[in-house]
Amino acid sequence: MRSTRRAASSVLLTCLMLAGCSPTALGGSAPSGSASDVAGPSGVSGAGRVIAVGAGPQKTYTVQQQPAAGSCHYRYLKGEPLEDPTCTPGVISPAVTQSNLKSTICRKGGYTSGIRPSTSVTGREKRLNAASYGFTGRMGDAEYDHLISLQLGGDPNDYRNLWVEPADPGHKKGAGVNNAKDPVETKLHTAVCKGTVTLAAAQKAIVTDWTTALSRLGIG
């Protein structure tokens, strides 16, 4: 028994000295967040954090409190607007899982129209969120956008999953909402429903960087 303890202590000391020992070498578990893009449960982000789970669809929605005015800041990549990951990290709905895709987001006849909050709620939230982000552009050209879209199992009305998304570069003022993020979401939805990409992988890709989500997952 003593020799066994001495051997274990020796392994521990060596690992600490080299600072390169994996947790499994000491009988621990491997770190989370390394789930495969082709299998596994929804909700884990490869960016090193877990995507929060919201309340999901509600019979009646209420206006959600937004971050303080001016506390959120846009990021831009090649002119495309990206959300502030602190204010808008993305939130998933508990009603959508990998095991029930056929009866939720992939069902015939659609899913999103029955769970979308009314404009009487989102209109007020949009104005409040515009103040959060310091948005001063035309409200009609900006989309009050679900970071993780409803067709990808995003939470319908959690403030952490919604942001005022400015118009794309070169967008004509007064032309209404037309953002490059929308077709990305549609392609991800198609891939999830075909089974070529998991729900978790699609959600992870969209919260990491929607502009690179398709290339990250090998979707043309």
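Is Trp163 buried or exposed? Trp163 is buried, with a relative accessible area of 0%; buried means under 20% relative accessible area, exposed over 50%, and partly exposed in between, with a 1.4 Å probe and protein chains only. The model is predicted, so local features need pLDDT of at least 70 and side-chain atom pairs pLDDT 80 or more, while totals for chains, interfaces and linings use all residues. Residues are numbered from 1 along each chain as its sequence is written, and side-chain values use heavy atoms, without hydrogens and water.

Rings of Phe, Tyr and Trp (its six-membered ring) pair if their centres lie within 6.5 Å; planes under 30 degrees apart are stacked, over 60 edge-to-face, and the rest tilted. This rule gives four aromatic pairs. In one of them, Tyr133 and Trp163 are tilted, at 6.4 Å centre to centre with 50° between the planes. The two residues are 30 apart in the chain, Tyr133 in helix 2 (residues 119-133) and Trp163 in strand 8 (residues 162-165); helices (H or I, at least four residues) and strands (E, at least two) are DSSP runs numbered from the N terminus. Tyr133 is buried as well, at 5% relative accessible area. Ring pairs join Tyr133 and Trp163 with Tyr74 and Tyr76 in a cluster.

A pocket is an open set of points on a 1 Å grid over the protein atoms alone, where a 1.4 Å probe fits, with protein on both sides within 12 Å along at least five of seven lines; lining residues have an atom within 4 Å of a point. The largest pocket has a volume of about 260 Å³, the volume being the space filled by probe spheres set on points joined across faces, edges and corners. Of its 16 lining residues, Arg116, Glu143, Tyr144, His146 and Leu150 are the closest to the centre. Strand 7 (143-146) supplies the largest share of this lining, four residues.
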